[in-house]
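Subject: Structure handover

Hello,

Please find the structure below.

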Amino acid sequence: MNYISTRGGVPPIAFDDVTLSGLAPDGGLYVPAAWPSMSGDALRGLAGCSYAELALEIIVRFSGATPERTALAGLVERAYARFDHPAIAPLTQLDERLWFMELFHGPTFAFKDFALQFLGALFEHLLDARQSRCTIVGATSGDTGSAAIEACRGLARVELFMLHPAGRVSEVQRRQMTTVDAPNIHNIALEGTFDDCQALVKAMFGDTAFRRRHALSAVNSINWARIVAQVVYYFRAALALGAPERGVAFAVPTGNFGNVFAGYAAARMGLPVTRLIVGSNRNDILTRFFRSGTMAVEEVVPTLSPSMDIQVSSNFERLLFELVDRDHATLAATMARFRADGHFSVAPDVWHRARELFEAHRFDDEETCAEIRATFEKTGQILDPHSAIGVAAARRHCATSATPVIALGTAHPAKFNDAIEHAIGRPAPLPPRLEHILELEERYDTLANDVEAVKRFIDSRTADRAAAANA
Ligand SMILES: *Cc1c(COP(=O)(O)O)cnc(C)c1O
């Protein structure tokens with residue numbers, strides 16, 4: 001299986017190279033040269049298998065020859081072994097035609113564990129085969145940092161440097177990162193904002209000598225292997241509700257468009273997905289696009305669902321590439337216009353094609369709290385603010401359709417207890433593993449918002465680690 005860049009400026013490469021490189025050198029995103037497919041009989045054959053068995057059957061269709069099948073089986077086994085629910089992604093029923101898929105039973109209680117637990121294992125395997133090492137540098141405003149740290153802790157061939165804005169992440173989120181005791185994990189509290197953290201990471205990738213010296217790599221949400229791991233649970237849920245005989249719709253609380261794009265990939269493979277319902281908070285650039293055909297950036301406003309406080313959804317480029325019939329020139333021109341002007345409009349036929357599969361709904365903080373309250377009163381289920389937006393979007397769809405809808409639950413409510421208390425008057429119970437981190441010792445270094453200082457820190461930490469390895 002080969003991968004091409006959406007912008008068409010580089011030769012096709014294989015899955016293992018795509019995984020280790022992240023962004024394509026022409027600035028585009030990697031997508032499969034052709035979509036793999038799954039026949040009705042193949043789908044029927046997957047009913048009743050374990051989550052790891054299903055993951056193997058899906059992922060192998062994207063990965064091709066490397067890693068080879070038995071190695072891949074070991075990687076998915078390992079990736080989902082640390083989830084604390086036997087179903088891995090359990091389904092509960094909230095209403096007559098409305099289902100809720102809990103994607104927060106992984107080590108850091110957010111759906112990002114589905115992708116990053118697999119990606120960490122995959123990185124180690126690929127680097128082992130090449131007898132090489134890499135340094136991952138990332139910036140986080142919350143969930144991604146802890147998921148990446150949990151996925152990479154203790155890996156022999158990976159050093160991970162994670163930057164978070166000092167004093168600007170919640171205590172639980174900070175402790176989830178800083179209490180991990182592993183010599184290859186380095187937390188940096190940067191004296192600046194999340195945007196400063198991201199700008200520093202970008203600057204380090206832009207320094208060719210530094211990038212080569214450390215074999216820099218990225219685990220951000222445009223990494224294709226993350227999407228592939230997320231395709232699996234769409235199959236899981238649809239099979240449970242009667243696919244391939246019966247179609248299902250999915251409602252997805254959306255930020256960077258990575259999660260819902262995995263649903264699109266599942267549909268392209270032949271899963272009977274009747275609708276993909278995008279839920280936005282007040283940062284509703286995607287909802288406005290699906291309603292008007294125009295994508296236009298506005299200011300980011302903070303909301304109760306911070307992991308969706310995003311204006312530019314980086315994975316949307318992958319969908320746009322499909323909507324313009326994989327025309328590299330049109331795609332590249334559209335992205336250039338977007339970068340220059342902050343907006344673009346698509347042709348009417350492109351917009352209509354988008355609306356054949358997608359619809360979108362937006363909810364402000366008040367509506368989010370109302371959904372948390374209503375669902376709790378009706379079912380006893382406590383939704384986190386992100387998941388509540390998915391459920392609210394699903395309910396809008398249910399009002400006009402008889403197809404079953406599965407809303408994706410992307411975080412455990414105890415990660416956002418301020419909002420939960422505000423909505424229902426009391427916090428969600430803390431899972432024991434989260435309670436535990438309130439007592440553990442924290443490890444992090446506070447650094448000035450200065451790229452040279454951060455580079456010196458990375459140089460000196462990696463030198464110490466190399467010396468320790470050789471001793
Ligand atoms: C990252 C995240 C999202 C958004 O997912 P995308 O793939 O970026 O669209 C939604 N909810 C939670 C809790 C998240 O951590």
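For the packing notes, angles under 35 degrees count as roughly parallel, over 145 as roughly antiparallel, 65 to 115 as roughly perpendicular and the rest as oblique. Axes are lines fitted to C-alpha atoms, for helices over the stretch in contact, and angles run from 0 to 180 degrees between N-to-C directions. Helices (H or I, at least four residues) are DSSP runs, numbered from the N terminus.

This is a predicted model, in which local features need pLDDT of at least 70 and side-chain atom pairs count only at pLDDT 80 or more, while totals for chains, interfaces and linings use all residues. Residues are numbered from 1 along each chain as its sequence is written, and side-chain values use heavy atoms, with hydrogens and water left out.

Helix packing

Helix H5 (residues 112-130) packs against helix H10 (residues 224-240) at an angle of about 130°, and their axes are 8 Å apart. H5 and H10 are therefore oblique to each other. In contact (heavy atoms within 4.5 Å) are residues of H5 including Phe114, Phe118 and Leu122, and residues of H10 including Arg226 and Tyr233. By class, the residues of this contact of H5 with H10 are nine nonpolar, one polar and two charged. Here Ala, Val, Leu, Ile, Met, Phe, Trp, Tyr, Cys and Pro count as nonpolar, Asp, Glu, Lys and Arg as charged, and the others, Gly among them, as polar.

Helix H4 (residues 69-80) also packs with H5, at an angle of about 135° and with the axes 9 Å apart. That makes H4 oblique to H5. Among the residues in this contact are Leu72, Leu75 and Val76 of H4, and Phe114, Phe118 and Leu122 of H5. The classes in the contact of H4 with H5 are ten nonpolar, two polar and two charged.

On a 1 Å grid over the protein atoms alone, a cavity is a set of points where a 1.4 Å probe fits but cannot get out, and a pocket is an open set with protein on both sides within 12 Å along at least five of seven lines; lining residues have an atom within 4 Å of a point.

The second largest pocket is lined by 17 residues, with Glu150, Arg153, Thr179, Arg433 and Ile437 nearest its centre. Helix H19 (432-437) is one of the helices that supply at least two lining residues; the largest share, four residues, comes from H19. The lining of this pocket has six nonpolar, five polar and six charged residues.

The largest cavity is lined by residues including Thr254, Asn283, Leu286 and Met308. Its lining divides into four nonpolar, five polar and no charged residues.

Regards
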